Amino acid sequence: MNIAVSVPSDKAHSAATGDAGSPTRALAEFAVGLRYEDLPADIIANAKRCILDSLGCGVFGAPTPWTRSVARVVGKLGQKESATAWGMPLRADPTGVAMINGTAAQGYELDDCHDQSMSHYGAGVVPAVLGAAEGLGQFDGKQVILATVVGYELGTRIGNIVSPSAFHRGFHPCGLTSTFASAATIGKLIGLTTDQFVSALGLAGSQAAGLMASQFGAMAKRFHSGKASQNGILAAMLAAEGLTGVRNVLEAPYGGFCSAYASEYNLHYATDGLGTDYEMRCNGFKQYSSLASSHTSVDALRAIREKHCIKGEDVKSVRIEATTMVHRHCGWPYVPAETITAQMNLPYTAAVTLLEGNAFVDQYADSKLRDPVILDLANRVEVVVAPDLDALGPHEMRAVRVTVTTKSASSSANTCPTAVATGRIRSPTSG
């Protein structure tokens, strides 16, 4: 096991207790000390856009069967009707609506994405902060924006520490690191002290959960973000009432979050550039209704389709060279099961893109999931690992090369010129 840590041996006591010098406490101190006046203008604008994007995703995801299942359960619990479930008449307490709205926001693979940490923080942060702001007291817009920034910043940094190792071990980053993000958001909103904030992070770590096998055909994948959003509220509120959490939750060498969930991790990501290099600047917004790891392939296929005037029926085969992460995440053979199966699958997504020119919500309608034409082309999509793309490093985990071979030798080329996509999910400044 190769473990990379950032705590020097002469600070062993600090690492063990969460005292001054530990990454966990450093994040807590940053969060508690950050003021709205400290925020750069672009970060304030990004926070507003993240809130609006998550609201839009949540309203769209509200009618889906998975969101309705969660809403029915919350309705049966008889909670205090102090906050709003988006897109439906139901009201519940902040924990209840956070679980509903978080599930809805992640409900159709449209929610925002942070590249390196491989997670979607809007579905964990925004339902929590809006539910708490509505249901727990009087909070103004600046407080909501500041809490949102804190949640994104801590969530992404903790995600960066364990990415992609935690994913490769089979854990869903949204369920893991969005729990920290939600706890940090609410901890800032309700004004936790530094010691309380440390405990809130520890309590979040004790609740972090989510299994990647859900991507193959289980509604649970959407629910992970909703549960993370709810769990974060509980972590912060419990810490405010004196419940202590693991104080060195990030750096604990045995039973800590990083040591338990990742075979390799780097604690330097917790504090490098903290307060100046905001990770929210690396957060992007999806253009397609599929997992983020498929977007570079969709971009490449759409470019080939347009440049060579190719239609889906012209295609003999597709070869997608990808990183190990992309191959594991979505390169498996497509076998129809649920909506999530298609949205998380690259062969299906590549096929429907070539046939219809897009991979948005209409391409994942129930009527398409078992369409024999789509299935036939999906079976002719090959996804392979390219070592040279792996060598590009963690900031290019979604790099691909795509080659489309046509059926007719009379076509301009049997094998279309390779379209290379090595970019990230679009950032807030790129539209």
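Buried means under 20% relative accessible area, and exposed means over 50%. This is a predicted model.

Q: Why is R401 called buried?
A: The relative accessibility of R401 is 19%, so R401 counts as buried, the cut-off being under 20%. R401 lies in strand β7, which covers residues 400–406.

Q: What makes the pair R401 and D388 a polar contact?
A: Their side chains are joined at 2.8 Å, and a polar contact needs N or O atoms within 3.5 Å.

Q: Why is T323 called buried?
A: T323 has a relative accessible area of 2%, so T323 is buried by the cut-off of under 20%. T323 sits in the loop between β5 (315–322) and α15 (324–330).

Q: What does T323 touch?
A: Its side chain reaches the backbone nitrogen of V326 at 3.2 Å. Beyond neighbours within four places in sequence, T323 is in contact with V385, L389, D390, E396, M397 and A399.

Q: Which residues make the contact of α10 with α11?
A: From α10 come Q196, S199, A200, L203, A204 and Q207, and from α11 come N231, L234, A235, A236, L238, A239 and A240. Nine of these contact residues are nonpolar, four are polar and none is charged.

Conventions. Residues numbered from 1 in each chain as written. Predicted model: local features only at pLDDT ≥ 70, side-chain atom pairs only at ≥ 80, totals over all residues. Heavy atoms only, no water. Helix = DSSP H or I, 4+ residues; strand = E, 2+ residues; numbered from the N terminus. Buried < 20%, exposed > 50% of the residue type's maximum accessible area, 1.4 Å probe, protein only. Polar contact = N/O pair within 3.5 Å; in protein donor to acceptor, adjacent residues only side chain to side chain. Contact = heavy atoms within 4.5 Å. Nonpolar A, V, L, I, M, F, W, Y, C, P; charged D, E, K, R; others polar.
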